[in-house]
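Me: I am new to this structure and would like to know what the terms used for it rest on. Please set each value against its definition.

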Amino acid sequence: MSNTRFTRRTVLGAGLAAAGTGLLAACSDGGGHSSHGGGALPSGGYVGPDSKEVGATEALRKPGPERKVTLTAVETPLDLGGGRTVRSWAYGDELPGREVRVTAGDTLALTLANNLPEPTSIHWHGLALRNDMDGVPGLTQRDVRAGGSFAYRFAVAHPGTYWFHPHSGVQQDRGLYAPLIVEDPREPLTYDKEWVIVLDDWVDGVDGSTPDAVLAELGKGMGGMDHGGSGGMEGHDTSDMPTAAGKGPSPKPSGPSRMLMGATSELLGGDAGDVAYPYHLVNGRTPESPQTFTARPGDRIRLRVINAGGDTAYRVALGGHTFTVTHADGFPVEHTRADALLLGMGERLDALVTVKSGTFPLTALAEGKNRTGLAVLRTGGGAPPTASVRPKELAGRVVHGGRLKAAESVRLDAARPDRTIEFRLTGSMATYDWAFDGRKYDPAQRHPVRSGERVRLAFVNTTTMWHPVHLHGHTYALAGGGARKDTSIVLPGERLEVDFDADNPGLWMVHCHNVYHAESGMMTVLGYRK
């Protein structure tokens, strides 16, 4: 059980109590199975998604002009480039899905039509939004059944780089993801062009593989072995297992093994990942047929980089250039120079770069997996880069969210936490029993907080693997004036402490953003007490 410490108690402010009512919105009943469950659970003594406090908090955001969007989740062929077409699930027929762009203060009204053969949902990753729109079946909404629809409607309060994806099984590791860009009406940065870069590790539809089959294989564990930093493979036959170099067995009728062995990274503290992906994509394209972004020499470009992968951290560099990092997870940071950027799953980094004349590779190295994704920047002449190019900047100064400092405008005021909740990250590859505090996800288990509190979350990683931990509905602050974030890498053996103000009542997930760890049980719930 998590260790919760109290120092004082606070109650809902009068402003919340006086405002309106929020409803649990669902345009369709659940139909079929989701690992999160079909319908929202009774909230008991907690503020549930249909509680009046949710609507009251939304009213305080003063929802502005409505931006209407229609989105359809479908099974469709996807052209990854290089002669590879796969059949997968996506939003429309695009990969990534079509970008949704709004301005801070707008109200996003998006209707999701589910033409998939299974129930689905949409989670708005990184947004502090009303709880009944957070998109977690069995906790904040019902499943959107096959053939059904759901009307998401909420105020978008904070500018920044975000994205959206299902919170239903391992659907995120198909093609169901897209960027959500929230523009700042008072944007302080100046730049000429913007390049949204979505990174992904791809397995679905390749030689019969599916994310569900990958999860089933991983769930069998490794017969008592833990593939920590040393690999842990002595005395076992590994001839049929893929390696970090990408060599694997011949395809079988059910698809080849996708269990990855020997992937290590010093930056990630040892073990780099569980899954041997056949492709690593930048904006939905393989390195053999990359996207080309055009600009003029001297242009200042804003890069918005999103890691939408399931099991892969990416190290990103632009050949011949250095970055100036400006934002982490949507919030401004003190500007920091970098040769390369490191992003765990779910993380976002924004950076500025003034481009030279020529043709340059933007390479996304799958950290520890010895594979790359590629896009091309063209501002002039020159031969296109090869698919396997590795810019020297990848070996330069690598910056990640944990190294950044929050800009003064978004720093949390110094305050002693009213409550500290400690989570032990537990599990191993041997039995694939990832969890918090040794307890697999149970939506009925809630870790209590109260509105108005300063809450400290302490993540203690007792495993031999890194975990990108994500908090729904809030942005926290890293210690010592660190960046404001919603997703952070927790290294093996590390204790990571983050603080946030409890100002968004409801039931909110905390989970590892490795989709296979989460679906194996490394999820839990923070609940606001009534």
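Me: Which strands each supply at least two residues of the lining of the largest pocket?
Reply: They are strand 9 (178-183), strand 15, strand 17 (323-328) and strand 18 (331-338). Strand 18 gives the largest share, four residues. This is a predicted model, in which local features need pLDDT of at least 70 and side-chain atom pairs count only at pLDDT 80 or more, while totals for chains, interfaces and linings use all residues. Residues are numbered from 1 along each chain as its sequence is written, and side-chain values use heavy atoms, with hydrogens and water left out.

Me: What makes a run of residues a strand or a helix?
Reply: Both are DSSP runs numbered from the N terminus: a helix is H or I over at least four residues, a strand is E over at least two. The protein has four helices and 34 strands.

Me: What makes a space a pocket, and what a cavity?
Reply: On a 1 Å grid over the protein atoms alone, a cavity is a set of points where a 1.4 Å probe fits but cannot get out; a pocket is an open set with protein on both sides within 12 Å along at least five of seven lines. Lining residues have an atom within 4 Å of a point. Points are joined across faces, edges and corners, and the volume is the space filled by probe spheres set on them. The largest pocket holds about 450 Å³. Its lining has 27 residues, and P159, D184, P332, S409 and V410 are the closest to its centre. There are two cavities of 30 Å³ or more, and the largest cavity has a volume of about 100 Å³. Among its 14 lining residues, H167, G169, Q172, V515 and A518 are closest to the centre. Helix 4 gives the most to that lining, with three residues.

Me: Why is the pair K369 and D311 called a salt bridge?
Reply: The rule asks for a side-chain nitrogen of Lys or Arg within 4 Å of a carboxyl oxygen of Asp or Glu. In K369 and D311 the closest N and O atoms are 2.8 Å apart, so the pair qualifies. K369 lies in the loop between strand 21 (359-366) and strand 22 (371-378), and D311 in the loop between strand 15 and strand 16 (314-318), so the pair ties together parts 58 residues apart in sequence. By this rule the count is 31 salt bridges.

Me: How do you know whether K369 and D311 are buried or exposed?
Reply: Buried means under 20% relative accessible area, exposed over 50%, and partly exposed in between (1.4 Å probe, protein chains only). K369 has 4% and D311 has 0%, so both count as buried.

Me: Why are E497 and R495 classed otherwise?
Reply: E497 has 29% and R495 has 42%, so both fall in the partly exposed range. Their side chains meet in a salt bridge at 2.9 Å, N to O.

Me: What makes a set of residues a nonpolar core?
Reply: Its members are buried Ala, Val, Leu, Ile, Met, Phe, Trp, Tyr and Cys residues joined through side-chain atoms within 4.5 Å. The largest such core has 87 residues, of which L108, L110, W124, Y152, L457 and F459 touch the most other members. A second, separate core of 32 residues includes V325, A351, A364 and A483.
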